[in-house]
Amino acid sequence: MLTARTLAEAEVYLSVLATADDAPPVTETPETTRTEGPDGWTVRSAVGEVQVLYRTEEASRLAEARFGLGNSLLLDAGAWVQLASVWARRALDADFEYTGQPGQDRQAVELNWEFARDAMAEALKFLPDGADEVPGEGFWTELGLRMHAQDRELFTRAKLTEDYEFYRDTLSDFRALYGEQ
């Protein structure tokens, strides 16, 4: 059985398998069920199942690592870059519409920027120390291989860092403008 580092990673992975645009909405969870076992959860959906160990979920929560510590074994660098891109586009769209008026969906803006930032941080984990770009072994999923083939420049240290900083800073600017929630 496949193993995710966190419940969030498991749900994102199962959503990616089930969605056409390669990124699930961050304000909705996929239709999954969780079964608790002695060592962790089994997360199931119509497209598959993934195990999440209690110890990796707890360690990730303590470290505030939404998708987990270490590199993903489910989603490669290309998949994380695609996910970050889709979530950033959604965040930007929601951000343009948000004016701070009561009844508006602030959560859609913040969560999408958070997920974009965190997904880009996952892609950066595939970049070895001192390397200028993610090596070939950082791509194994169909989505990741396709992304890498379409634009290798997306996987350079400079571009990954630039995108991560943009997502992080845009979220920070949004919170500075509208206050912490």
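Lys and Arg count here as positive and Asp and Glu as negative, while His and the chain ends are left out of the count. On that basis the protein has 17 positive and 34 negative side chains. The centres of these two sets lie 2 Å apart. The model is a predicted one.

**Fold and overall shape**
- The protein contains 6 helices and 4 strands.
- Read from the N terminus, its elements follow the order β-α-β-β-β-α-α-α-α-α.
- The radius of gyration is 16 Å, close to the 16 Å that the globule rule gives for 181 residues, so the protein is as compact as a globular protein of that length.
- Along the principal axes, the C-alpha atoms occupy a box of roughly 45 × 40 × 30 Å.

**Burial, contacts and surface**
- Buried residues make up 48% of the 181 residues in the protein.
- Among contacts with a separation of 6 or more, 71% are between residues 24 or more positions apart.
- The protein has an accessible surface of about 9600 Å², and carbon and sulfur atoms contribute 50% of that surface.

- Strand S2 covers residues 33–36 and strand S3 covers residues 40–45.
- S2 and S3 pair in the antiparallel sense, with 4 bridges between them.
- One of the bridge pairs joins Arg 34 to Val 43 in S3.
- The two strands, S2 and S3, form a hairpin, and 3 residues lie between them.

Terms used
Residues numbered from 1 in each chain as written. Predicted model: local features only at pLDDT ≥ 70, side-chain atom pairs only at ≥ 80, totals over all residues. Heavy atoms only, no water. Rg over C-alpha atoms; globule rule 2.2 N^0.38 Å. Buried < 20%, exposed > 50% of the residue type's maximum accessible area, 1.4 Å probe, protein only. Contact = heavy atoms within 4.5 Å. Areas by Shrake-Rupley, 256 points an atom, 1.4 Å probe, with all protein chains shown as cover. Charge placed at Lys NZ, Arg CZ, Asp CG, Glu CD. Pairing = 2+ DSSP bridges.
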